[in-house]
Amino acid sequence: TNLVNIDRIISQLYYYVGEYESSLQYGILAKAFEENNKFRTEAQYETILYVLSLCSQQLNQFEDALDYYYLNKKAIADDNYDVFELLQQFDSPNSFIEILRFAEIHFAKWKAQNSPEDLNNTILLLKQAEKNMNSQLTTIDENALLRFFNYQNSIYEQLSTAYRDKYNLNKTKRYNQEVVENLSKKKNLILQREISMKVDG
């Protein structure tokens with residue numbers, strides 16, 4: 001219980017300062033250490049995989065980014081990154097966080113490689129994340145809504161950006177309307193948060 005995974009700490013520090021290759025190198029060592037440590041804690045192992053996914057994304061190694069995060073969160077033992085497969089596995093109301101992360105990876109890949117398929121996948125995943133999140137929001141009290149603010153804000157901001165890129169590809173009016181709609185949702189969300197905070201003093 002006194003074992004300390006120094007490589008994990010070094011990996012995180014390198015990530016914080018933007019040294020992604022070094023972070024990835026030490027993260028891989030940290031991952032191997034945890035996999036051979038019978039006293040390992042799952043929380044630390046998940047943190048390592050999450051940082052490895054983030055580093056891989058920053059280095060445009062998108063399959064690795066999906067692989068590390070999928071290894072962390074996958075529901076079944078199958079290395080399948082098909083978007084429809086992901087949507088089937090992560091279909092519970094509280095899985096919007098995982099779907100949002102997958103969308104971030106696909107959006108980064110679209111930006112780096114100009115691949116329309118990844119842009120479409122981004123929108124598909126974000127719409128599902130919004131749906132899952134909204135289904136959960138109906139079951140919680142008003143004060144708890146504020147805890148979801150950052151996730152809601154991220155979804156609407158990314159959707160508006162993705163639809164803007166979609167509009168720039170083909171100039172379809174519907175996508176321009178989607179940009180306006182999601183920006184409006186974001187604006188209303190910010191207004192709602194400010195009102196709630198003032199009511200709470």
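Trainee: How many residues apart are E104 and R101 in helix 6?
Mentor: They are 3 residues apart in helix 6, so about one helical turn separates E104 from R101. Helices here are DSSP runs of H or I, at least four residues, numbered from the N terminus. The model is predicted, so local features need pLDDT of at least 70 and side-chain atom pairs 80 or more, while totals for chains, interfaces and linings use all residues. Residues are numbered from 1 along each chain as its sequence is written, and side-chain values use heavy atoms, leaving out hydrogens and water.

Trainee: What do the side chains of E104 and R101 meet in?
Mentor: The side chains of R101 and E104 form a salt bridge, at 3.3 Å from N to O. The term requires a side-chain nitrogen of Lys or Arg within 4 Å of a carboxyl oxygen of Asp or Glu.

Trainee: Is R101 buried or exposed?
Mentor: R101 is buried, with a relative accessibility of 4%, whereas E104 is partly exposed at 25%. Buried means under 20% relative accessible area, exposed over 50%, and partly exposed in between, with a 1.4 Å probe and protein chains only.

Trainee: How many salt bridges are there by this rule?
Mentor: The count comes to 10. One of them joins E63 and K109, with the closest N and O atoms 3.8 Å apart. That pair links distant parts of the chain, since E63 lies in helix 4 (residues 62-73) and K109 in helix 6 (residues 96-113), 46 residues apart. E63 is partly exposed at 43% relative accessibility.

Trainee: Which residues are linked in a network of salt bridges?
Mentor: K127, E130, E181 and K185 are linked in such a network.

Trainee: To change topic, how many aromatic pairs does a search of the whole structure find?
Mentor: The search finds 8. Among them, Y14 and Y26 are stacked, at 5.8 Å centre to centre with 20° between the planes. Y14 belongs to helix 1 (residues 6-16) and Y26 to helix 2 (residues 20-35), so the pair ties together parts that are 12 residues apart in sequence. For a pair, ring centres of Phe, Tyr or Trp (its six-membered ring) lie within 6.5 Å; planes under 30 degrees apart are stacked, over 60 edge-to-face, and the rest tilted.

Trainee: How does the pair of Y15 and Y16 count, stacked or edge-to-face?
Mentor: Y15 and Y16 are edge-to-face, at 6.4 Å centre to centre and 65° between the planes. Y15 is buried at 19% relative accessibility, whereas Y16 is exposed at 62%.

Methods
Helices (H or I, at least four residues) and strands (E, at least two) are DSSP runs, numbered from the N terminus.
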